[in-house]
Every structure is written in structure tokens, then in C-alpha cells.
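I opened the model to look up its fold, its cores and a few residues. My notes are kept in the order of the look-ups.

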Amino acid sequence: AFGLESDLWIRLGEQVKLDAMGLKGRLAGQLHLLEQPQQATRASGELRIEEGHYAQWGQDLNLRNSRVIYTGQSITDPAVDARAERVIGDVTAGLRVTGRLLEPVARLYSSPAMGDADVLSYLVAGQPLSKASSTDANALMGAAASLGLRGGSMLTDRIAHTFGLDEIKVGGN
């Protein structure tokens, strides 16, 4: 309404902390914000989460190489590249989220390599699916549904089979 224009640089110092939606850590990086009349605010730059943790499924996952990348587009839809991991003994189980903020893509990974059902079980229950308890089933199904993983039907079928379920329904928003 006022026809304001702005050209703003933001550099985050050592004391900028993040504590929102299960994410905790220190924010680092810089942004260049450009505001022009009758246009969406645009941003360039990168924000990183350092020393980060993500509380999900009753677990505290470590964030690795997690960042939000702005490349001159609207500030509301940056690119995301984030990893959340849990290390148990010699196993590292993780979730990588990439893509645009408004349409992220989630993928499970592990070292050593294993199937998605086992990776998810390590993330949620701290053990492979074959050793998970029946009380872990609800948490595993909820996690599978919330992630919207590719091949999610096969993943939920494997979890259902492991716990001897004939029918399973998964809902989410």
C-alpha cells in the first residue's frame, strides 16, 4: 500500500538459537532480502542449523548438514536439504528431506544399508523391525504415514506382516 522498497542483508551471529516445532539448534548463515512494490519478498542466501536436534517419534535425532537455501525466489518456498540421524551401536539410521519447502521429499537411509522398514524401526524404536515390540507398531505406522514415503504401501505392509496384522489403516494430515 505504501510502495516500499527495501534491500536488506541479514548475517546471523553466534548467538542466534532456534527452538520451534521440535527443532533445536544454532542458526548460521546470511540472507539477502529484496522487497519491491506489488511483488513478493524475494530472498537469496542460506540458513544452516548447526549443533541441531530434532525431537520426533519420542526420539532426539541429530541434525547433519541441514540447511534452507534461497535462490532469489519468493521467501515462502526455499529449497531444503536436511538430515536427521540416530546412531545405535554400529548402525546409523537417518531421514533426508530435500526439495522445496512446500513440497518436500523424504527418504530413509542407513549405514550399513538396510530396508526402509528396518531404518524406520531404528529411528523410532532403536532396533530392527524383527526385534520391535507390538507396542512399537502404532509408532512405526504413524511415522510411516507422517513421512509420506515413496513405496509407503510396501513399508506399511511389511510392518503389518511383522506384527501379524490382517488389516491396517493409516491416516494422517
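The entries below go from the whole chain to single residues.

**Ground rules.** I am working with a predicted model, where local features need pLDDT of at least 70 and side-chain atom pairs count only at pLDDT 80 or more, while totals for chains, interfaces and linings use all residues. Residues are numbered from 1 along each chain as its sequence is written, and side-chain values use heavy atoms, with hydrogens and water left out.

**Fold.** I looked up the secondary structure and found three helices and eight strands. Helices (H or I, at least four residues) and strands (E, at least two) are DSSP runs, numbered from the N terminus. The order along the sequence is β-β-β-β-β-β-β-β-α-α-α.

**Burial and contacts.** I took buried as under 20% relative accessible area, exposed as over 50%, and partly exposed as in between (1.4 Å probe, protein chains only). Of the 173 residues in the protein, 36% are buried. The protein exposes about 10400 Å², and carbon and sulfur atoms supply 51% of that area; the areas come from the Shrake-Rupley method with a 1.4 Å probe, and for residues only the protein chains shown count as cover. Contact means heavy atoms within 4.5 Å. Among contacts between residues at least 6 apart in sequence, 39% join residues at least 24 apart.

**Cores.** I then looked for nonpolar cores, each a set of buried Ala, Val, Leu, Ile, Met, Phe, Trp, Tyr and Cys residues joined through side-chain atoms within 4.5 Å. The largest has 23 residues, of which Trp57, Leu95, Leu108, Leu120 and Leu123 touch the most other members. Two or more residues each come from strands E5 (59-74), E7 (91-100) and E8 (103-111) and from helices H1 (116-125) and H2 (136-147). H1 gives the most, with six residues. Another core lies apart from this one and has five residues, including Leu33, Ala43, Leu47 and Tyr70.

**Charge over a ring.** I asked for any NZ of Lys or CZ of Arg within 6 Å of a ring centre and within 35 degrees of the ring normal. The charged end of Arg83 sits over the ring of Tyr109, 5.2 Å from the ring centre.

A polar side-chain atom of Ser110 lies 2.8 Å from the backbone oxygen of Pro112, and the Ser110 side chain reaches the backbone nitrogen of Met114 at 3.1 Å. Leaving aside neighbours within four places in sequence, Ser110 is in contact with Thr92, Ala93 and Val119. Pro112 itself lies in the loop between E8 and H1, and the peptide bond from Ser111 to Pro112 is cis, with omega near 0°.

**Backbone angles.** Most residues other than glycine have a negative phi, and most peptide bonds are trans. I noted Gln38, with a positive phi near 60°, in the loop between strand E3 (23-35) and strand E4 (42-56). Gln38 is exposed, at 78% relative accessible area. Asn65 has a positive phi of about 45° and is found in strand E5; Asn65 is exposed at 65%.

Conventions:
Polar contact = N/O pair within 3.5 Å; in protein donor to acceptor, adjacent residues only side chain to side chain.
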